[in-house]
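Good morning, colleagues. Please keep the sequence and the three-dimensional view open while I speak, and hold your remarks until the end.

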Amino acid sequence: MTTEGPRTDAELVGMTLAAHVLEGMLEAPAATGAFTALLDQIVLAAKLITGRVRRAGLADALGLTGDTNVQGERVQKMDVLANDTLVAALRHRGTCAGLVSEELEEALVFERADAGYLVVADPLDGSSNIDVAVSIGTIFGVLRHDPAAGPVRAESFLRPGRELCAAGYVLYGSSTVLVLTTGQGAHAFTWDPSAGEFFLSHPNLRCPPRGSTYSINEGNTAHFDPGIRRYLDHVKAKDAATGRPYSHRYVGSLVADVHRTLLKGGLFAYPHDAKSANGKLRLLYEANPIAALVEAAGGRAITGRGQRVLDVTPRSIHERAPLVCGSAEDVALYEQLTAG
Ligand code: AHG
Ligand code: MN
Ligand code: MN
């Protein structure tokens, strides 16, 4: 492999996302191919959504639908388009038994309820950024399902995030990047529209043990607990020996803020506050998949209230949870300064 300059096509061939997933399947003797087929469908949805996102302003895909979703949030046309694409892709191959989506009030049970997997998804993350062409994303997680346990119901999804067998996000940014974990590390694939493929661009992502940016909506400071304000004062104070003050970066799209934190280190937080007792992010299809990816890359993900995100047992499919994640040392500093 050349050590400088772009990889040659010969080096990229075989490094497709499909090849990576297939290699994983071949290493699992009991694999039936169903998991690979499911991931293929999720990747197909990502390919279709990235095309729509990139043409949104030309395809009457901007703006509001006029509806509000179960979250009480105004629904963007792209939210619905992304959700419809994902549902169609998941229904098609018969490997998904059910879906919990941010855009669907109830759990969606597919015809092939005997399939062995369930999917949780935020089809379009960062909706407030769609109309202004700022990075947005898609977030997904995969749970195993035992058809013998009975029909798929909402309760089938109410499992702690540590049970996810796969998690990922797609970042529709300056390039389209899909980050995936199936339990052996986190790997990033970059979309090459000329080839119509995702190619492995960042194998074995590792979140730096410490960073120099903090990412939080400071507009909520008046609602934060004193401990969180103590953390913010600390990272904004001048102390060259500890690399402070940190820089503040906040896109307002979870996928974009987390991707930067994962690659460059630092801390992302959407904490609980006086306005939102459990924060804003949804546990099943935002906090959990992100937490699984951050931990797979060597980082940490906590609720900021003494729990690892992946250990929280959900009580309802759209429940919210605080999320504090990123570099292990930065998360530990947050824990220390917000304790008590
Ligand atoms: P979604 O568009 O799927 O509802 O998610 C938006 C979320 C998340 O992407 C982001 O981190 C957060 O909303 C930003 O919220 P604020 O605008 O309140 O900071
Ligand atoms: Mn979201
Ligand atoms: Mn969303």
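I begin with a definition: donors are N, O and S atoms within 2.8 Å of the metal, or 3.2 Å for Na, K and Ca, and since water is not among the atoms, sites may look incomplete. This is a predicted model, in which local features need pLDDT of at least 70 and side-chain atom pairs count only at pLDDT 80 or more, while totals for chains, interfaces and linings use all residues. Residues are numbered from 1 along each chain as its sequence is written, chains are lettered from A and ligands numbered from 1 in the order in which they are written, and side-chain values use heavy atoms, with hydrogens and water left out.

Let me turn to the metals. Helices (H or I, at least four residues) and strands (E, at least two) are DSSP runs, numbered from the N terminus. Both aspartate 125 and glutamate 286 are buried, a word that stands for under 20% relative accessible area, with exposed meaning over 50% and partly exposed in between (1.4 Å probe, protein chains only).

The manganese ion (ligand 3) is held by Glu102 (OE), Asp122 (OD) and Leu124 (O), at 2.2 to 2.4 Å. Its donors show the spacing E-x19-D-x1-L. Glutamate 102 sits in the loop between β3 (98–101) and β4 (108–109), and aspartate 122 in strand β5, so this pair ties together parts that are 20 residues apart in sequence. Glutamate 102 and aspartate 122 are each buried. What joins the two sites? Aspartate 122 coordinates both manganese ions, ligand 2 and ligand 3, which are 3.7 Å apart.

Next comes ligand 1. Around ligand 1 there are 17 residues, the closest being Asp125, Gly126, Ser127, Tyr250 and Tyr270; a residue is near a molecule if one of its heavy atoms lies within 4 Å of it. By class, the shell holds five nonpolar, five polar and seven charged residues. For these classes, Ala, Val, Leu, Ile, Met, Phe, Trp, Tyr, Cys and Pro count as nonpolar, Asp, Glu, Lys and Arg as charged, and the others, Gly among them, as polar. Strand β5 (residues 117–125) contributes the most to this shell, with three residues.

One lies 2.8 Å from a polar backbone atom of glycine 126, and a polar side-chain atom of asparagine 217 is 2.9 Å from an oxygen atom of ligand 1. Taken alone, ligand 1 exposes 470 Å², of which the protein buries 87%; accessible areas come from the Shrake-Rupley method with a 1.4 Å probe, and for residues only the protein chains shown count as cover.

At 17% relative accessibility, serine 127 counts as buried. Its side chain makes a polar contact with that of aspartate 79, at 2.7 Å. Such a contact is a pair of N or O atoms within 3.5 Å; within protein, one must be able to donate a hydrogen and the other to accept it, and residues adjacent in sequence count only if both atoms are side-chain atoms.
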